[in-house]
Amino acid sequence: MPAAPVSEKAAQAASIGSLTMRGASGVAGRTLYDKIWDAHAVAERADGMTLLYIDRHLLHEVTSPQAFEGLELAGRQPWRLDANLATPDHNLPTTNRAAGIGGIEDEIARTQVIALDDNCRRFGIREFKMTDPRQGIVHVVGPEQGATLPGMTIVCGDSHTSTHGAFAALAQGIGTSDVEHVLATQCLAQRKAGNMRVTATGQLRRGVTAKDLILAIIRQIGTAGATGHTIEFAGSAVRALSMEARMTLCNMSIEAGGRAGMVAVDDATIEYLRGRPFAPSGELLEQAEAYWRGLVSDPDAEFDRTAELDASLLSPQVSWGTSPELVLGIDEAVPSPDAFQEPARRELCERALAYMDLAPGMPIRDVTLDRIFIGSCTNARIEDLRAAAEVAKGRRVASSIREALVVPGSGLVKRQAEAEGLDVVFREAGFEWRDAGCSMCLAMNNDRLYPGERCASTSNRNFEGRQGHLGRTHLVSPAMAAAAAVNGRFADVREYL
Amino acid sequence: MQAFDTHTGLVAPLDRANVDTDQIIPKQFLKSIRRTGFGDNLFDAWRFRDEGDMTKTANEREINREFVLNEPRYQGASVLVTRTNFGCGSSREHAVWALLEYGFRCVIAPSFADIFSGNSLQNGLLLVTLPDDTVGELIDRAQTVPGFSLTVDLPEQTIAGEGFAASFDIEPERKRLLAEGLDEIAQTLRYADAIHAFEDKHRQQMPWVFAQPGG
């Protein structure tokens with residue numbers, strides 16, 4: 001089949017979408033979210049909830065055991081086995097992995113990993129077990145395997161499922177009851193959310209990354225800025241991002257309150273998918289591509305909410321408080337509660353200052369660190385590791401840093417990094433090179449902060465205690481984390497490039 | 001799940017915005033493979049001064065007497081009044097299980113995070129959204145009026161207590177699910193034929209969605 005011009009492909013794609021479109025067609029343009037929603041709406045239940053068909057369901061050990069138990073108690077079977085893909089990630093140790101499950105010291109964590117293995121075996125669900133090189137953080141594994149495809153509806157019992165929206169998929173985090181519901185029915189019962197567009201104009205400058213962009217967006221719109229809405233990230237700065245960078249961007253939609261965030265399909269989307277195990281190839285790929293090219297919002301589509309920012313004005317960002325909206329540019333100083341008008345915001349600021357042990361007016365560059373964490377579903381892909389290694393190369397982790405961890409997002413990311421010699425760069429600089437998992441993003445394994453410790457982290461949440469009881473988290477990009485590691489305190493990574 | 005009709009209970013004020021699910025139930029308790037056993041660790045890092053884990057019982061712990069839920073006057077509270085964006089962050093349904101098991105049947109706030117809201121619905125925890133000012137008034141009353149209680153009437157969509165009355169909005173489908181305590185999966189499986197029909201059509205239109213590695 002000869003490649004059709006883009007416009008023709010878009011027309012073809014739209015025609016598939018319209019087959020399932022409800023209501024009057026051709027009246028107003030549809031957003032990307034509208035199109036995917038329309039293409040998956042099965043029925044409206046008598047109670048008014050829409051049943052949305054789910055194409056891909058990702059599972060991990062923490063939020064699935066009660067769902068499997070529920071299925072079993074009700075005598076139900078999974079609706080469509082091949083929609084599911086499981087891997088353990090939250091609980092796994094990042095050392096001594098050759099020892100397998102027996103190497104998990106924490107008995108309760110070990111039980112949970114064994115439960116995932118047992119449930120997958122009993123129900124017949126494909127699982128990348130902890131010793132499989134394809135194991136990794138579920139949101140790194142899905143795209144890496146091509147199990148995440150444009151136009152899909154994707155769910156997982158994890159709020160960072162929004163990551164997969166980078167592929168113009170409708171990807172949402174769900175709770176355990178919904179995990180059971182999706183297993184049993186292949187549907188999610190939902191009300192449609194509103195449409196929100198966040199436009200980043202201009203271009204990010206060198207040393208400023210997708211992580212800095214999303215932190216700046218959350219600072220601007222707040223942690224409830226997208227509540228009740230699906231975000232579409234648009235604009236020239238978003239278009240210029242690699243697929244991995246788009247995953248970083250969409251990953252933190254939830255930190256802005258958006259259950260799902262997405263980026264429209266373009267050449268980068270299609271190119272990324274070529275040759276990946278679950279992705280179509282040959283004629284099926286051409287057929288898919290014709291549809292995927294239409295996964296963009298129509299020019300006349302209307303959004304319920306919009307926000308805009310100029311990406312070219314951004315500097316590298318650092319979070320200072322205990323909410324992802326409490327963010328500063330590297331040249332800024334910690335704010336005073338007086339800077340906030342609203343009483344609730346002022347109180348949030350006061351609590352954050354106390355918890356983080358920071359004083360108003362302190363330049364963020366003067367904040368010294370105890371630990372460094374480079375990893376998580378936000379920033380543990382190969383491009384993230386390359387960016388950190390570029391800064392670490394030929395330098396040393398400051399002697400005041402107790403531990404600097406690099407935790408690849410998957411076994412395959414680790415393998416790729418080692419093939420490029422990044423492990424050597426990190427080790428020579430004094431970083432620890434670990435095995436794949438969620439690790440110190442949420443500290444369910446042994447990688448954690450101890451009370452009062454302060455960490456520069458490439459993860460996504462700076463909540464109280466998130467990385468360990470009474471630990472203090474500052475969210476940054478991988479390159480900024482590496483710069484903080486060698487400097488012992490925050491630094492402008494642009495001075496290291 | 002437990003059906004919700006009317007409920008009368010003591011009100012506890014949690015005067016904080018953006019309470020995230022990591023605070024509601026910290027990660028070390030998510031290692032459980034059960035649906036129960038989370039109530040003792042609700043707001044663990046705030047209720048206790050020492051770090052908890054799944055092997056410690058509440059009486060071995062160092063209680064934070066300053067935390068509101070530890071004040072004698074709020075013991076037995078079943079209605080929680082709190083600030084905006086309650087339940088943000090992680091999707092962990094354990095947060096809802098912990099609130100219910102502790103004894104809360106209803107949470108009142110100006111707004112709730114989306115995933116938390118869905119999880120609450122699935123478990124019969126009623127979330128009532130009221131304007132900022134009204135919530136402020138309720139928090140004030142819970143702090144100043146000894147034994148301040150509220151009656152939450154879901155069918156009538158009203159809340160009433162000493163010197164206080166308000167009505168609230170709730171989406172009809174949410175109201176029905178809560179009022180009837182229905183098994184959601186059973187509700188959906190009534191549409192099994194429609195799901196099958198959709199799936200057949202979907203498979204024809206988008207066969208790549210169903211493709212498996214190596215074939």
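1. Two strands are said to pair if DSSP finds at least two bridges between them. Helices (H or I, at least four residues) and strands (E, at least two) are DSSP runs, numbered from the N terminus. By this rule β1(A) and β2(A) are joined by three bridges and run antiparallel.

2. The model is a predicted one, in which local features need pLDDT of at least 70, side-chain atom pairs count only at pLDDT 80 or more, and totals for chains, interfaces and linings use all residues. Residues are numbered from 1 along each chain as its sequence is written, while chains are lettered from A and ligands numbered from 1 in the order in which they are written. The predictor assigns the complex an ipTM of 0.95 and a pTM of 0.95. For chain B, the mean pLDDT (the predictor's confidence in each residue, from 0 to 100) is 96, and 100% of its residues reach 70 or more.

3. The strands β1(A) and β2(A) form a hairpin with five residues between them. In its turn, A:Gly48 has a positive phi of about 100 degrees. A:Glu44 has A:Thr50 of β2(A) as its bridge partner.

4. The contact between the chains takes 64 residues from chain A and 57 residues from chain B, where two residues are in contact if their C-beta atoms, placed from the backbone, lie within 7 Å. Among the elements that give two or more residues to the chain A side are β1 (41-44), β2 (50-53) and β8 (187-190). The most comes from α6(A), with seven residues.

5. A further sheet in chain A is open and has five strands in the order β17-β16-β15-β18-β19, with parallel pairing. Its edge strands, β17 (432-433) and β19 (472-475), each pair on one side only. Within this sheet, β15 (residues 371-374) and β18 (residues 454-457) share three bridges in the parallel sense, and A:Arg371 has A:Cys455 of β18(A) as its bridge partner.

6. Helices α13 (residues 382-392) and α16 (residues 478-487) of chain A pack at an angle of about 30 degrees, with their axes 8 Å apart. Axes are lines fitted to C-alpha atoms, for helices over the stretch in contact, and angles run from 0 to 180 degrees between N-to-C directions. The two helices are therefore roughly parallel to each other (angles under 35 degrees count as roughly parallel, over 145 as roughly antiparallel, 65 to 115 as roughly perpendicular and the rest as oblique).
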